[in-house]
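Dear colleague,

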Amino acid sequence: MKEVSQMRPPLPPFTAATAARKVRLAEDGWNGRDAEKVSLAYTLDSVWRNRDQFIRGRAEIISFLTTKWQAETEYRLIKELFAFQSNRIAVRYAYEWRSDAGQWFRSYGNENWVFDDTGLMKERHASINDLPISEHERLFHWPQGRRPDNHPGLSELGL
């Protein structure tokens, strides 16, 4: 099946400003926790490595994200631009979530992204570590959904 491309600005080649905007748009999408909507930011044949999982294409992305957000309740994510060049962006991030057993976690990660000319992500390579935390150690307290513009980012939080 041939993909009908839709432009997904900002488009490569990225500048510091457009790369940072792309990162924030990705953060906003993931904080919305709508797997079908999030999947539209990726090519039909997008390839992911997420921890020890290998995911290919939007259908698998939707399945993966649906399962993820069912298991990781109270999910809140902050992403930060680390580096960029041409059609590539490197990101560091942290997210907090609660397990079904009530244990809170802060997950730390790095991602490397590659985009096509239309601004869709065609590769995502993610390395992530989970740290159990107590509820009083949580730092991400905004209502679920988009992080407010005045909420500190990772650097401001010392993460």
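How many aromatic pairs does a search of the whole structure find? The search finds eleven aromatic pairs. Please note that this is a predicted model.

One of these pairs joins Trp30 and Trp48. The ring centres of Trp30 and Trp48 are 6.0 Å apart and the ring planes are at 20°, so the pair is stacked, given that planes under 30 degrees apart count as such. This pair links distant parts of the chain: Trp30 belongs to helix α1 (residues 16–32), whereas Trp48 belongs to strand β1 (residues 42–50), and the two are 18 residues apart.

Trp30 has a relative accessible area of 6% and is therefore buried, since the limit for that term is under 20%. Trp48, with a relative accessible area of 1%, is buried as well.

A further stacked aromatic pair is formed by Trp97 and Phe105, with 4.5 Å from centre to centre and 15° between the planes. Both Trp97 and Phe105 are buried.

Trp30 and Trp48 also take part in one aromatic cluster, together with Tyr42, Phe64, Trp69, Tyr75, Tyr93 and Tyr95.

Which residue lies over the face of Tyr93? Lys79 does, at 4.6 Å from the ring centre, and Tyr93 is itself a member of the aromatic cluster.

Yours sincerely

Conventions: Residues numbered from 1 in each chain as written. Predicted model: local features only at pLDDT ≥ 70, side-chain atom pairs only at ≥ 80, totals over all residues. Heavy atoms only, no water. Phe/Tyr/Trp six-rings, centres within 6.5 Å; stacked < 30°, edge-to-face > 60°. Helix = DSSP H or I, 4+ residues; strand = E, 2+ residues; numbered from the N terminus. Buried < 20%, exposed > 50% of the residue type's maximum accessible area, 1.4 Å probe, protein only. Lys NZ or Arg CZ within 6 Å of the ring centre and 35° of its normal.
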